[in-house]
Amino acid sequence: MAKDVVKHYRLTTDDAAAFRKKAEEAGMTESDYFRLLITQQPSDYPEIRGGIKVLINEVNRIGVNINEIVFNNNSNLYRTADKERLIAYMRRLNETLAKVVDDCGYH
């Protein structure tokens, strides 16, 4: 969406410095940080985006391992160790998901 509206606001020197510092800490421009504050969308926060990327990578790795276990089971190569690995992967997935939910908040 085109950003064609320009707004001007007056701030004290201290407020402007605090705003600039918070934008820098978030790794964003002041304009992006301002839009973040007014939209309040969790996916806009850099730490949440990072958590979601970690979660996606974790799910992908676990999915590959689950596919290997299912293949072994279908080939009658299933072992007890495979079942234990599957339980460990599912536990890790649940823990990672719970952490992201805690960080993002439950909506």
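Okay, housekeeping. The model is predicted, so to speak of local features we need pLDDT of at least 70, side-chain atom pairs count only at pLDDT 80 or more, and totals for chains, interfaces and linings use all residues. Numbering runs from 1 along each chain as its sequence is written, and side-chain values use heavy atoms, with hydrogens and water left out.

We've got four helices and zero strands, counting DSSP runs of H or I with at least four residues as helices and E runs of at least two as strands, numbered from the N terminus. Along the sequence that reads α-α-α-α. The chain is more spread out than a compact globule, because its radius of gyration is 22 Å, well over the 13 Å that the globule rule gives for 107 residues. That's over C-alpha atoms, and the rule is 2.2 Å times the number of residues to the power 0.38. The C-alpha box is roughly 70 × 30 × 25 Å along the principal axes.

How much of the chain is buried? Buried residues come to 15% of the 107, where buried means under 20% relative accessible area with a 1.4 Å probe, protein chains only.

On to helix 1, residues 13–25. Its 13 residues should span 18 Å at 1.5 Å a residue, and the end C-alpha atoms are 18 Å apart, so the two agree; the expected span is 1.5 Å times one less than the residue count. Just after helix 1 comes G27, with a positive phi of about 70°.

Methods
Buried < 20%, exposed > 50% of the residue type's maximum accessible area, 1.4 Å probe, protein only.
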